[in-house]
Amino acid sequence: MKTINEAIDILREREEELKRKYKIKSLKVLDSRTMEFLNYGLEEGEKEEIGIVADFEETPSLLKIVELKLELEEILGIKVGVYTEGGLSSLKIPYNTIEV
């Protein structure tokens, strides 16, 4: 399992490419406490190891979000959850992020 810092380093290396390809304004990584909350009650194989918050330039299709998720999982080599600011806000949970 990669640490959050290792994942951030990898994301920083690929940041411009990902932003251009998926029309993203910013990428952030959810902190471990938020991920514990989002993974609560899930079976071990269902849990996401890292959460990425993507702020898109325009509303993406579900297909684009899934494509981004799969590419991030390939790049990072771990299970990834992709979230939007609006999606997290609608859950009404406090969350902390780390800017990429």
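Predicted model: local features only at pLDDT ≥ 70, side-chain atom pairs only at ≥ 80, totals over all residues.
**View 1. K64 in helix α3.** The residue K64 belongs to helix α3, which spans residues 62–76. When the neighbours within four places in sequence are left aside, K64 is in contact with K21 and Y22. Between the C-alpha atoms of K64 and G51, which stand 13 residues apart along the chain, the separation is 16 Å.

**View 2. The salt bridge between E67 and K64.** Side chains of opposite charge can pair when their charged atoms come close. Here the side chains of E67 and K64 form a salt bridge, with an N to O distance of 3.3 Å. Both E67 and K64 are residues of helix α3, placed 3 residues apart, about one turn of the helix. With a relative accessibility of 32%, E67 counts as partly exposed, and K64 is likewise partly exposed, with a relative accessible area of 33%.

**View 3. The salt bridge between E73 and K69.** Another salt bridge joins the side chains of E73 and K69, with an N to O distance of 2.9 Å. Because E73 and K69 are 4 residues apart in helix α3, they are separated by about one helical turn. K69 has a relative accessible area of 22% and is therefore partly exposed, given that the buried class lies under 20%.

**View 4. The salt bridge between K47 and E44.** The side chains of K47 and E44 also meet in a salt bridge, at 3.8 Å from N to O.

**View 5. Helix α1 against helix α3.** Two packed helices are described by the angle between their axes and the distance between the axes. For helix α1 (residues 4–22) and α3, the axes come within 11 Å and cross at roughly 150°, and the crossing of α1 and α3 is right-handed. On the α1 side the contact is made by A7, I10, L11, R14, E17, L18, K21 and Y22, which meet K64, E67, L68, E71, L72, I75 and L76 in α3. The residues of this contact comprise 9 nonpolar and 6 charged, with no polar ones.

Methods. Residues numbered from 1 in each chain as written. Heavy atoms only, no water. Helix = DSSP H or I, 4+ residues; strand = E, 2+ residues; numbered from the N terminus. Contact = heavy atoms within 4.5 Å. Salt bridge = Lys/Arg side-chain N within 4 Å of Asp/Glu carboxyl O. Buried < 20%, exposed > 50% of the residue type's maximum accessible area, 1.4 Å probe, protein only. Axes fitted to C-alpha atoms, helices over the stretch in contact; angles between N-to-C directions. Left-handed = near helix turned anticlockwise from the far one by under 90°. Nonpolar A, V, L, I, M, F, W, Y, C, P; charged D, E, K, R; others polar.
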